[in-house]
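Subject: Structure handover

Dear colleague,

Please find below the structure that I am handing over to you. A short account of what was found in it comes after.

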Amino acid sequence: MIRELAATIGVTLVCVLVGISRATYYRSLRAPKPSKRRRNVRRLSKALRAEILAVLNSDRFMDQPPRQIWAALLDEGRYLCHWRTMYRILRENNQIQCAMSRR
């Protein structure tokens, strides 16, 4: 309806009468952006995440924080992921409670 009126009396006047800005009108004419988010290409695979979780839950490391696990693995020459990613994996699996959690 707004497009039909805009063709006869002008966009500016129609927008004033309807109570919207011209920018809103023109923005509505553009094609909507796709709402599906792309998968992050740097995200770890499910298999690697499961491997990391298994290491974190192993008898050797089950009572240590991820920073210490990360350092111990680095001393052995093994790098799985960053220590912060270890915290994320634990949080995703409800195995850690963060007082300052963002969620």
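Predicted model: local features only at pLDDT ≥ 70, side-chain atom pairs only at ≥ 80, totals over all residues.

Residues are numbered from 1 along each chain as its sequence is written, and side-chain values use heavy atoms, with hydrogens and water left out.

Helix α6 spans residues 83–92 (helices are DSSP runs of H or I, at least four residues, numbered from the N terminus). Its buried residues are W83, T85, M86, I89 and L90, where buried means under 20% relative accessible area with a 1.4 Å probe, protein chains only. Seen down the axis of α6, these residues fall within an arc of 150 degrees, so they line one face of the helix; the arc is that of the directions from the helix axis to the C-beta atoms. Their cover includes α4 (46–56) and α5 (66–75). Just after α6, N94 has a positive phi of about 55 degrees.

The axes of α5 and α6 lie 8 Å apart, at an angle of about 130 degrees (axes are lines fitted to C-alpha atoms over the stretch in contact, and angles run from 0 to 180 degrees between N-to-C directions). In the contact (heavy atoms within 4.5 Å), α5 contributes P66, R67, I69, W70 and L73, and α6 contributes W83, M86, Y87 and L90.

The structure holds 0 disulfides, a disulfide being a pair of cysteine sulfur atoms within 2.5 Å. C15 is buried at 3% relative accessible area, and C81 is buried at 4%.

Kind regards

How values were computed: Buried < 20%, exposed > 50% of the residue type's maximum accessible area, 1.4 Å probe, protein only. Helix = DSSP H or I, 4+ residues; strand = E, 2+ residues; numbered from the N terminus.
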